[in-house]
Amino acid sequence: MLGDEFGLLEREAESGSILEGVKRAASGSGSLLLLEGPAGVGKTRLLREARNAASSLGFTVCRARASDLERDLTFGVVRQLFEPMLMAAERALWQGPAALAKEFLAGTPSTVATTGDSAILHSLYWLASNASQGSSLALLVDDLQWCDAPSLRYFAYLLPRLDDMNVLVVTALRTGEPAADDRLLQQIAVDSATTVLRPQTLSMTGTRLLLERVLPPSVDLTFVEACHQASGGNPLLLRELARTLTAEGIAASAENADKVVELGSHAVARLVHSRMASLPDAAVQLARAAAVLGDRVEFSTATALVEQDTQTALEGLAVLERVEILRIRQNDARMLLSFVHPLVRMAVYDTLNTAELAIAHSRAAQLLAAAGADSERIAAHLLRMPPAGNRNNVETLRAAAAAATARGVATSAYTYLRRALDETPEDGEQLPLLIDAGQAALLVDLKAAAHHLQQACDRVSDPARKADIMALLGAAYMHQLDFDRGIAVWSQALDQLPTADENRRRRLLAAIVATTSWAAPRHGIVLDSLSQLRELPPHDSIGARLLDCAIAGREMQLGDPAAIPRARHVLADAEFVAQAADELSHELALSVVLSIPLAADDPRAMEFIDTTLERAQRSGPLHMVGQLYAVRSLGWLWQGRLGEAEHDACESQRISSLTGSQSNQFMNSAYLGEVLAERGRLDEAEKALRAAESITIDDSSASPMYMTFSAFARLQFLRGDHHGALRAALQAQQSCELHGIRNPAVVGWRSMAALALHALDRADEALEFANQDLHLAQRWGAQRSLGRALRIKGLLERGDQQLNLLRQAVTVLDDSPPRLELAKALADLGAALRRAGHRAEARPPLKKALDLATICGAAPLAETARTELVAAGGRPRTAVTGPDALTPSERRVAELAATGATNRQIAQQLYVTPKTIEVHLSSAYRKLGISARTELIRSLVS
């Protein structure tokens, strides 16, 4: 029906883009081509063109076709692409992290169940990377609109990594069909690595050429116009319309133009139905069985469904192949049946009525279960039939949900559990399903999660079990920003718990305390009880650790240095940190406790975060990995390592896009905005900060806008808009007061207000804010906030007082983690010395400021220091060299390379691409003045 004998018409541009993409991938610059258009416009034929072009250049070609029957099958399309590789003998395919992909594809449950979705995505990426080493790799996917959400997430994960891979992804997307995940599909479509090709309908000339290939050569022009109008120029509909006309003996003449219009645009269905009507019953039944079972069905399974003997089925199959309804594909020893086009399958499927479909899917599920098929494949059929109150169906759906959960895919798990609920009307049997469905829905549909969990609460009388459910219910409300209801649920659970159940009580208290960081109107409740919470006796439990995290977080926000030893005590519990990194419910507590050493300028702060992130990447949920990248981005920002901060913020943003986490995106936008402002990319910074504004809700009391407002103040000040800077700083003040945040190490709005007021000649007000900032910074005691407060106050003073304060700032910041803040203090001290006439004394601090600003990546500050240095009579160096010039990422890569690790091994360990390692090593070589790996050890210690 869609044979190659018709060739391609009016597809020169698309064919050229495909060939160009194949050649780019062969040279190491991969991309994704998205063929988008209505059914029948020729997307599948262009996919075949991509396959032929890739094969001609020696690519390994992996193909998959998504199906509406399997859109809930976890990683269904990914498994289609890569499962054939399991038969490959090449051991190199499964080296490094790709070893997990082999276990995953083979369905080894024990390993997968203890592995987070982040590690699975990382492993599948390395499988593609390994597969593209010997020869380039082409991944071809048809009907992307039916692709399961986990596979879509994999393609979105792969996209930013394709640039340095010999991998080409070509996908075909039918418009007008609801996708498994529209958000992910849109993310793929708009990515910079994606080229969207939209094949257009045929012109009148193209219509005439196609008709002449199907019909007798003499085709009347009026008849051509009628065919073009009836088909809309759609190649598939046009071709089948012509074939229908031929089958019915209608000549291609002007007199028959009206008959063309009567046939309309349903040519494919008409043709399939007419052909089915003339087929033997055995062939019809076999075609219907294949339509019910889905694409790529085993011949033996289809025959079993219709209870045909092999000979009868083979005869029917021969007929179906001859009339171009089914195709036969050999896969090892198996004979697979597939339809020539999804529209054909849909037309055959539509010949079954509702009752027939229910019986067929029920029979299919029974056959697959008897054959020991994957629970998710069985569940795909259960989803297509009405509830039957069958306990076996419930167990199958629960097993499918467990398999999806083990692979980190809550969407599929919730779909199966929701269907299982429909299968069990009895209240007693529904309780465990309601709890499981509520937990799965927390990552999928918060309103549904709250509904299921509330129903579960109503069915439970045991206080301990009810408290566990209410803990989840409160989280569902909290993530919907319904803080009052969430806190009310947790408070009710507390009231009902026995006083002896200390672990659960402290878990609930921890949730309430942590939530008040977002629920501004409620923070006063916690402040009133904070002293009582501190005095609780020690308790060895997860709940106690979580409460310590929450208390320490509030102490940090208040500027109470007691937070620092409390956080160190929690982080010293390696078992707790490991468990928290693996559980999404501990995300907020973990991110808060990790940020405390950062705010305290603890030299081990980044080590804590690195260790936790590595754990989460191995076995935690992807959402947790994204959150930890955000925390590490904040750490790099506060330390002044702007390149690293930008990288981690962008990585967290990408992961947040995959998971749909708005809270991560919200905070990241604020961090990224401040980073970009410090780097001098002011327009990009504003775009990032506007993104944060668009994520939050209108009432600033319900979400912490203080970081965003503070970053806006910095941005406006750098632009010279001092009124705008003051306005944003005062907005940050209001937000901080609403949320009970006083610590300048968390939000430095007072320093920005002081600078803006000073620039507006409001000296007394500026000095008042500067004095407040200094007093609070002295109480907290961290070098970054104290050094900044001294520097800002120094800028407001004159003469010796100014120089004394700036020298104090430099002394406080010297040899401390926040190098950018030290660079600012040195630059301001040097400038003040130059203005005071001490040009020779000004040059050393200005030279050091220039070096540090360059290492940090703060281009505007470096330029300021350079200008001041020239004015002081110094000669700026053109480059910073030596081990101290290496960024943390460059040093870590160089140290690993010095041990003999290859670029690929380093990339696998650090969860980055080999190209990133090449870039870091090249930069390290340049800064160290070397040209080979063998020189690294000597250069790093010199």
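**Exercise 1.** Which strands does helix α1 (residues 12-26) lie across, and at what angle does the helix run to β4?

*Solution.* The model under study is predicted. Helix α1 lies across β1 (31-37), β4 (167-174) and β5. Relative to β4, helix α1 runs at about 150°.

**Exercise 2.** Determine the strand order of the open sheet and identify its edge strands.

*Solution.* Step one concerns the order: the open sheet is formed by 5 strands, arranged as β2-β3-β4-β1-β5, with parallel pairing. Step two concerns the edges: β2 (60-65) and β5 (194-197) each pair on one side only and are the edge strands.

**Exercise 3.** Describe how β2 pairs with strand β3 (residues 137-142).

*Solution.* The two strands, β2 and β3, pair in the parallel sense over 6 bridges. Within this region, Val61 stands opposite Ala138 in β3.

**Exercise 4.** Classify the crossing of helix α9 (residues 204-214) and helix α10 (residues 221-231), and describe the contact.

*Solution.* Two packed helices are described by the angle between their axes and the distance between the axes. The axes of α9 and α10 come within 10 Å and cross at roughly 105°. Angles of 65 to 115 degrees count as roughly perpendicular, and α9 is therefore roughly perpendicular to α10. On the α9 side, the contact is made by Met204, Thr207, Arg208 and Leu211; on the α10 side, by Leu221, Val224, Glu225, Cys227 and His228. By residue class, the contact of α9 with α10 divides into 5 nonpolar, 2 polar and 2 charged residues.

Technical notes
Residues numbered from 1 in each chain as written. Predicted model: local features only at pLDDT ≥ 70, side-chain atom pairs only at ≥ 80, totals over all residues. Heavy atoms only, no water. Axes fitted to C-alpha atoms, helices over the stretch in contact; angles between N-to-C directions. Helix = DSSP H or I, 4+ residues; strand = E, 2+ residues; numbered from the N terminus. Parallel < 35°, antiparallel > 145°, perpendicular 65-115°, else oblique. Contact = heavy atoms within 4.5 Å. Nonpolar A, V, L, I, M, F, W, Y, C, P; charged D, E, K, R; others polar. Pairing = 2+ DSSP bridges.
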